[in-house]
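Hi there,

Here is the structure I promised to pass on to you. Please open it next to this message, and I will take you through what turned up.

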Amino acid sequence: MNRISTKLTSYFFISVLIMETTLMLYLHQNIIHSRIDEEFSRLIATGSNHRDVLTEYYSDTTMKHIVLMETDGEREVLITDPQGDIIESSVENINELTKYVPRIEKTLKDEIVVSDWKDSPYIISIHPYKVNAQQAGYVIMFQSTKAVEQLVAKLNMHFGMAGITSVVVIFLIYAILSKFLTRPLIRMKEATEKLSKGDFDVSLPFIGKDELGELSGSIQKLADDLERLKAERNEFLASIAHELSTPLTYLIGYSKVAMRQGLNEQERTHYLEIIIEESNRMKELVKNLLDLAKLDENTYTVTKENYSARPFLENIFQLVKPSFNLKNIRLDFTYDSELQIYADSLRLEQVILNLLDNALKYSNEHSTVTLEAFKKEETTVIKITDEGIGISKEDIELIFEKLYRVEKSRSRAYGGSGIGLAVVKELIDAHGGSIEVLSDVGKGSTFIVKI
Ligand SMILES: Nc1ncnc2c1ncn2[C@@H]1O[C@H](COP(=O)(O)OP(=O)(O)OP(=O)(O)O)[C@@H](O)[C@H]1O
Ligand SMILES: [Mg+2]
């Protein structure tokens, strides 16, 4: 798998490796070179010192003295005569040293003749001396390269350890990256895959407040929302099925009764009327459902315009008055005749009709329902108050849900299906307005719409 932590670590590893190798090589070479240079200059300095002493106090004793100084330690010395024969040596077996000395061209200055410390066991310098024609030759100095080799071995070991340490550090970084970066990402990937398969039961742990944490939180919220929507949809479908099957049962029942032989005309008409009433109720329900579906899909638009409240409210009053009269409920409309409303008139009418319909449905005879309309700052406020059965606190939170009715059996008696307020809420939301409910059980309710 192309893990992001692997990728990051590889880039990191390669960069560190290149940097480290360049640096180490540079350091390695520099340390060795400066050490070798040091050895060279020390050898030349000692050699020329011996030569100077020899030139000044040329004698066998001086030579022995010089050789004696170099018997112990890392250095050796040879002294030659004008013919090139060895006359003094710091080692017994002269061959051990002479085999490393290259052919010496005639030279008048001190110089390093063997500098290859890697392949030769000695670096060698020569120092010509001349007292007179017979007393002349070379002081040849040998410096063992063992010390340099040891130094190189030590350096290699240290650098190797540094290399291993950096590999370990990189692995640690990989582990940390993998824990803090890859694992949450993999979890999120798995979660989204689950979501796309329709399984919304996802739980992502809290991983902090950074970008990854926010992403994880958003996915969790999406999953929770989807889960809730799924539950709501199922509940909604079950309610619709129930809602439709109840009137259908009535329809079938009453149709059978109406078909019975021996019924008189009046009885048959009575049953047929019930059938028509139930069919109308069903038709209304289906219409409301369709409305709601359209609202949910946002396939309609709200066109706000300024219009006078008077004709608008007067029209509504005339429309609903007969139903209120029929139930002996008083209906009062109070508003300023100059009042202007800024809204989609058709939609607002739908809202008010629904609220008045509820007020009528859930009020008893001889009570009063009032509608007040006024402007508060820039918003239009419409207040519908009834003296009806009221709504309990717990139910107020739920009445705007689709198909929610406070008391299922009672509502059947009132003839509601629980869609009206859901439609009202959607319409008000689309206007960018709000709706608020104040209610006391047994005393009445007030619905306050602000648009
Ligand atoms: N003014 C009110 N007084 C008391 N209860 C109310 C009032 N308005 C609404 N309710 C309660 O809220 C529930 C939801 O109201 P909603 O208007 O959504 O549905 P409905 O009136 O039952 O049916 P529909 O409006 O779809 O015909 C009602 O069933 C009723 O229990
Ligand atoms: Mg209603």
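Below is a short tour, from the overall layout down to single residues.

Please keep in mind that this is a predicted model.

**Overall layout**

The chain falls into three parts: domain 1 covers 4–151, domain 2 covers 211–294 and domain 3 covers 301–450. If you take the centres of domain 1 and domain 3 over their C-alpha atoms, they are 110 Å apart.

**Spans from the UniProt record**

An unreviewed UniProt entry lists residues 12–32 and 157–177 under "transmembrane region". In the model, residues 12–32 are 100% helix and 0% strand, and 30 Å lie between the C-alpha atoms at the ends. Residues 157–177 are likewise 100% helix and 0% strand, with end C-alpha atoms 30 Å apart. The unreviewed entry also gives residues 212–239 as a "coiled-coil region". That span is 100% helix too, with 0% strand, and its end C-alpha atoms are separated by 40 Å.

**Nonpolar cores**

The largest nonpolar core holds 48 residues, and those with the most contacts inside it are Leu313, Leu348, Ile352, Leu355, Leu356, Ile384 and Phe447. Both domain 2 (211–294) and domain 3 (301–450) supply at least three residues to this core. A second, separate core is made of 20 residues, including Phe40, Val67, Ile79 and Val152. As background, nonpolar side chains in soluble globular proteins tend to be buried together.

Setting aside residues up to four places away in sequence, Leu313 touches Phe333, Tyr335, Ile352, Leu371 and Ala373.

Let me start with Gln143, which sits in strand S5 (residues 136–144). Is Gln143 buried or exposed? Gln143 counts as buried, because its relative accessibility is 7% and the cut-off for buried is under 20%. Leaving out neighbours within four places in sequence, Gln143 is in contact with Glu39, Leu43, Glu74, Arg75, Pro121, Tyr122 and Ile123.

Ser48 is part of helix H1 (residues 4–56). With a relative accessibility of 15%, Ser48 counts as buried. Which residues is Ser48 in contact with, leaving aside neighbours within four places in sequence? They are Asp110 and His127.

Asp440 belongs to strand S11 (residues 434–440). Asp440 counts as partly exposed, because its relative accessibility of 44% falls between the 20% and 50% cut-offs. Asp440 and Ile391 are 49 residues apart along the chain, yet 6.3 Å separates their C-alpha atoms. Apart from neighbours within four places in sequence, Asp440 is in contact with Ile389 and Gly390.

Happy exploring, and do write back with any questions.

Best wishes

Methods
Residues are numbered from 1 along each chain as its sequence is written. Chains are lettered from A and ligands numbered from 1 in the order in which they are written. This is a predicted model: local features need pLDDT of at least 70, side-chain atom pairs count only at pLDDT 80 or more; totals for chains, interfaces and linings use all residues. Side-chain values use heavy atoms; hydrogens and water are left out. Domain bounds come from an automatic or database domain assignment. UniProt positions are given in the numbering used here, feature names are shortened, and annotations may be inferred rather than shown by experiment. Helices (H or I, at least four residues) and strands (E, at least two) are DSSP runs, numbered from the N terminus. A nonpolar core is a set of buried Ala, Val, Leu, Ile, Met, Phe, Trp, Tyr and Cys residues joined through side-chain atoms within 4.5 Å. Buried means under 20% relative accessible area, exposed over 50%, partly exposed in between (1.4 Å probe, protein chains only). Contact means heavy atoms within 4.5 Å.
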